[in-house]
Amino acid sequence: MNKRVDFFSGIGIVCLAAGVFEPTTFLMMIVGCVSGIVIGAIPGLSGSIGIILLLPLVYKLDMVPALVVMAGIFCGSMYGGSIPAILIQTPGTPSAAATALDGHPLAAKGKAGKAITVALIASVTGGLFSGFCLMWISPILATWALKFQAPEYFALALFGLTLIASSGADFLKGLISGFIGLLLSCVGVDVITGSARFTFDSVMLIGGLNVLPLLVGLFAIAQAFADVTNKTEPPKQDKSYGSFLLTKAEWKRIAVPVLLSGVIGVVIGIIPGSGGAIACFLAYEVVRKISKHPEEFGHGSIEGIAAAECSNNATCGGAMIPLLTLGVPGDAVTAVMMGAFMLVGIKPGPTLFRDYGSQMQTFFVAFLVMQFVILLLGALGTKLWIRVLGIPRTILMPAVMLFCFLGAFSLSNSTKDALFALVFGILGYFMKKFKYPAPPMILGLVLGSLAEQNMNRTLMIYDNDWTVLFRRPISGVLMVVSIGIIVWSFREVLTKKKGDSAA
Amino acid sequence: MRKGKRQIVCMIMAAAMLAGCSSGGSTSTTAAAPAETTAPVSTEQAASSGGVFDASSYPNMPVTLVVPWKVGGGSDVSARAAANVFKTYANGQPLVITNIEGGSGVQGISEYMTYDPSPYTLLSWATAQTIKTHMQETKFSAFDFRPICGFVADSPYLLVRSDSPFQTINDLVEYAKENPGKLTVGNSGTGGGNHLAVLQLCLATGIEVNHIAYEGGAPSSSAVLSGEIDCSMNMPAEGLTSVDAGDLRMLCLFAEERSDFWPDVPTAKECGVDVVNNQFRGVVISKEAPEEAAAALEKIFEQVCQDEDFQQSLKDLNINGVWLDAEAYGKAIEEEDALYQEIIQSNGLGDKY
C-alpha cells in the first residue's frame with residue numbers, strides 16, 4: 001500500500017500507463033473532458049456546476065476514475081469557456097473573462113479560427129505545465145505537511161479565510177458572505193464538546209450542514225433560477241471562422257507569454273481563495289507589460305488570448321495542490337471536489353499520499369494525458385462545441401435542475417439534502433441578484449470548522465497558551481502574514497472610502 | 001440550424017443515457033448497492049404483505065435493512081458482508097441495504113421510525129447509536145426496538161508512535177498517575193465510542209488525561225503520527241496502515257482476549273488493567289412488527305453468521321464476527337446503555353443530562 005512507483009523505471013511507466021488506460025479510467029477521462037468543454041462553453045455553467053451535475057455518476061466510481069472525471073471537467077471547462085468568449089463576447093466561465101478582451105476583436109476581424117486555436121494551444125500548455133507542478137510539488141508538500149499539527153492547521157485555515165475576504169470585488173459583501181459561511185460551519189454536534197449547536201432540535205440539522213447540497217444550491221440551482229428569470233437572448237455569432245492554423249511567427253509570439261502565464265496561473269492557483277478569474281487578468285496585464293506590441297492588446301492580440309487561457313488552465317493543477325496535500329480547497333471548484341472526495345470515501349490531506357501513493361501517481365499521469373485528450377477533442381470538435389451555444393435554455397435549464405436534485409438526493413439517500421439544496425438555491429439566487437459572492441460562503445463553511453477545531457485543539461494541548469501560534473515557525477509565519485493581509489485590506493477599503501467621499 | 005439543434009439535443013440525451021447506464025452497470029454487480037435501494041420500500045411492502053403474518057413463506061419478498069451510516073462505514077461494510085450471503089438462507093430473497101446517514105445515526109433511525117412497521121424492514125444498530133441516545137435528546141431510546149441479533153463485536157486499541165517511551169499500558173497509566181491531565185489522548189469526537197472507551201479507562205484506573213477530539217478516527221491516529229498527541233484510542237481499521245508500515249504501535253487491545261488479527265498485541269486485561277470495551281453491531285426491528293418475523297430473522301442471521309464466505313469477508317475487513325442471539329444482544333444493549341449513561345452523566349458530557 002505504501003509503495004511508491006518510480007517514474008523513471010520502465011516498469012513504473014508501464015504500471016502507470018496501465019492504470020491510466022484502464023478502460024473505466026480512460027472512459028471517465030473522455031467523459032470528463034467532453035462534459036467539461038461543453039459545460040464550459042455554455043455561458044453561466046462553470047466547472048463547479050459541471051462536477052455537481054455529474055455527482056450521481058462520481059458517487060459510483062472508484063477513487064482514480066472519480067478523480068480523473070472531476071479533473072477532466074475542471075480542465076475541460078477552462079478551455080470550453082474560451083469558445084463563447086471569442087465568438088459571442090460572453091465568457092463561458094468567469095475565468096475566461098480576459099479571453100474575451102482579445103478573442104472577440106480577433107473574431108470580429110474574421111479570424112475566429114485563429115483565436116480558438118491559440119486558446120486551445122495555450123490551454124493545453126497551461127494544463128500540462130500545472131500538471132507537472134502538481135506531480136512534483138504535491139508529494140514534497142505532503143511529506144512536509146505530515147508534520148503539521150493543530151497550530152499550523154489553524155494558521156493555515158486563518159490564512160485561507162483572510163485571503164477570501166480580500167479577494168472579492170466588493171470587500172464588505174465578501175465579508176458578509178464569508179461570515180455567514182463561518183456561522184453555518186457551527187451547525188450540528190460540535191466535535192470538541194459533543195454538544196449540539198444551532199440545531200433547533202431538528203433531526204435534519206444534528207449532523208451539521210453537508211457542503212455539497214449547499215454547493216448544489218448556491219451555484220447550480222441559483223444559476224438555473226437566474227437563467228430562467230433572465231429574458232435577454234444570447235448575442236448571435238459570426239459565421240466565418242477563417243483559418244485555424246497559425247503561422248511560424250505567431251507560434252513564436254505566443255511562446256513567451258504562454259510560459260510566463262503558466263507560472264502565474266500555478267502560483268495563483270495554489271493560493272487559497274483565488275482562482276482562474278484572478279489569474280487570467282493578472283497574466284494578461286503582465287504579458288501586456290512585457291509585450292513588444294502592447295498597442296494590439298484589446299484589439300485582437302493573440303498574446304493576450306494565450307496569456308489568459310494558459311493562466312486559467314494552469315490554475316487547475318495549482319488549485320489541486322493545496323486540496324490534495326493539505327485538505328484546503330483553493331476555490332469553488334476544488335471545494336466541490338473536496339465534497340465529492342468525501343462521497344467516494346477519500347479524505348484529502350497529507351495522509352492521502354501516504355495511504356494512496358500509487359493511486360495518486362496514476363492520477364497525476366492521467367492529468368497529463370488528459371491535456372492531450374483536450375487537445376484532440378478541441379482540434380477535432382471545434383465546430384461541434386460551437387453548436388452548444390445554440391441549445392435552447394428551455395431544454396438546458398430543466399435538465400440542469402433535474403441533475404441537481406438527483407445529485408443532492410444521492411448524497412445521503414434522503415430528501416433532507418435535496419431540501420437543503422433548494423433552500424440554498426433560493427438564497428443563492430438572491431445573493432446573485434444583489435451581488436453577494438457565493439465562494440466566500442462556501443470557503444467559510446469548509447475552513448470554519450477546520451479553523452475552529454484546530455484552535456480548540458491547540459489551546460487544549462498547550463494549556464490555553466495561545467502564544468504558541470506565534471512561537472512555532474510555520475504557524476508563526478502564516479499568522480503574521482494573515483494579520484498583515486487583514487490590516488492591508490482594511491487600509492485599502494478605508495482609503496478607497498476616503499477617495500470616494502472626496503470625489 | 002434546427003437540424004443542428006436537434007443533433008445537439010440527441011447528443012446530450014445520449015450522454016445522459018451513457019451516464020445512467022454506467023451507474024446502472026456498477027450497481028448490478030452488488031445486490032446491496034445504493035442506487036436500487038434508494039427508495040425505502042417499506043410502505044408498499046407493509047401494504048402488500050397484509051395484516052396476517054405467514055411464517056412458513058417468510059420471507060417472500062426482498063428484506064430492507066436501513067443502515068443509518070454512510071457507505072463504507074463499519075456498520076455498512078459488515079451489513080453488506082451479511083447481505084452478500086443472506087439470499088442463500090432466506091428463500092432466495094435478497095437483503096437490500098438502504099443508507100440514510102447523518103447526525104451519528106439519528107437521521108436514519110428517525111426515518112426508520114416513520115415507516116409502517118413491517119417484517120420486511122429492519123434497522124441496523126450499533127453501540128454508537130446507544131451512546132447517542134444519552135448524548136443528545138433523541139426521540140427514541142435503545143429499548144424502543146426489538147433486538148434480532150448481534151453479529152460484530154469490535155474492541156478499541158491504543159495507538160502510540162513507534163518511538164514512544166510507553167511500552168505497555170502500565171507505563172502509560174503510571175505516567176498519567178504521576179502527571180494528572182498531562183497525557184494527551186486522541187479520540188474520534190467527544191461523546192463518540194472511542195472517547196467513552198478512554199473515559200472507561202480513566203474510570204477504571206483513576207487517571208486523569210487531556211482528551212483531544214478529532215473529526216473521526218483517521219485524523220486522530222494521524223495526530224499521533226505527527227507528534228501532536230501522545231496516544232490515540234482507535235477502532236479497527238483506523239491507523240492500521242501506519243501500524244503495518246511500522247510508524248505506529250498498538251499498545252493494547254481492550255478486548256476480553258487477544259485478537260486473531262494481532263496475536264502479538266496484549267489485552268489490557270492481561271496487563272492488569274481491567275477494561276473491556278465491546279462495540280457491538282447488530283440488527284433490530286420495530287416492536288410493532290410480528291414477533292414470529294423476528295424469530296424467523298434470528299434463525300436466518302444465525303445461518304448467515306455461520307457462513308464461511310461471510311466470516312472470510314469480515315476477516316478481510318479486520319472485523320471481529322460474533323454470534324449473539326436476540327436475548328444475548330438485548331442484554332448487551334442493556335449493559336452498554338447503563339455503562340454509557342453512567343460515563344456520560346458522571347463526566348457531564350453532551351446536552352441531555
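**Figure 1. The interface between chain A and chain B.** In this predicted model, 44 residues of chain A are in contact with 52 residues of chain B, contact meaning heavy atoms within 4.5 Å. About 3800 Å² is buried between chain A and chain B, with carbon and sulfur atoms giving 61% of that area; buried area here is the accessible area (1.4 Å probe) that two parts lose on being put together, summed over both. Lys60(A), Val203(A) and Asn413(A) supply 15% of the area that chain A buries against chain B, more than any other three residues. Residues are numbered from 1 along each chain as its sequence is written, and chains are lettered from A and ligands numbered from 1 in the order in which they are written. Because the model is predicted, local features need pLDDT of at least 70 and side-chain atom pairs count only at pLDDT 80 or more, whereas totals for chains, interfaces and linings use all residues, and side-chain values use heavy atoms, with hydrogens and water left out.

**Figure 2. Polar contacts and elements at the interface.** Zero salt bridges are found by the rule across the interface of chain A and chain B, a salt bridge being a side-chain nitrogen of Lys or Arg within 4 Å of a carboxyl oxygen of Asp or Glu. Ten residue pairs, both members at pLDDT 80 or more, are in polar contact between the two chains; a polar contact is a pair of N or O atoms within 3.5 Å, where within protein one must be able to donate a hydrogen and the other to accept it, and residues adjacent in sequence count only if both atoms are side-chain atoms. The elements giving two or more residues to the side of chain A that touches chain B are helix 11 (203–206), helix 17 (350–355), helix 18 (357–387), helix 19 (393–412) and helix 21 (439–461) of chain A, with helices (H or I, at least four residues) and strands (E, at least two) taken as DSSP runs numbered from the N terminus. Helix 19 of chain A gives the most to this side, with five residues.

**Figure 3. The largest nonpolar core, around Phe363(A).** A nonpolar core is a set of buried Ala, Val, Leu, Ile, Met, Phe, Trp, Tyr and Cys residues joined through side-chain atoms within 4.5 Å, where buried means under 20% relative accessible area, exposed over 50% and partly exposed in between (1.4 Å probe, protein chains only). The largest such core has 125 residues, of which Leu87(A), Phe219(A), Met320(A), Leu324(A), Met360(A), Phe363(A) and Ile442(A) touch the most other members. Helix 18 of chain A gives the most to this core, with 14 residues. Not counting residues up to four places away in sequence, Phe363(A) touches Leu67(A), Val68(A), Ala71(A), Leu134(A), Met320(A) and Leu324(A). Apart from this core lies another, of 54 residues, among them Ile206(A), Phe151(B), Val152(B) and Ala296(B).

Figure 4. The side chains of Glu152(A) and Arg472(A) meet in a salt bridge at 2.8 Å, N to O, and both residues are buried. Glu152(A) lies in helix 9 (residues 150–167) of chain A and Arg472(A) in the loop between helix 22 (468–471) and helix 23 (473–502) of chain A, so the pair ties together parts that are 320 residues apart in sequence. Ser475(A), in helix 23 of chain A, counts as buried at 0% relative accessibility, and its side chain reaches the backbone oxygen of Arg472(A) at 3.4 Å. Leaving out residues up to four places away in sequence, Ser475(A) touches Pro151(A), Glu152(A), Ala155(A), Val468(A) and Leu469(A).

**Figure 5. The surroundings of Cys149(B).** Cys149(B) lies in strand 4 (residues 145–154) of chain B and is buried, with a relative accessible area of 0%. The C-alpha atoms of Cys149(B) and Leu324(B) are separated by 5.6 Å, although these residues are 175 residues apart along the chain. Residues up to four places away in sequence aside, Cys149(B) touches Gly282(B), Val283(B), Phe301(B), Trp323(B), Leu324(B), Asp325(B), Ala326(B) and Tyr329(B).
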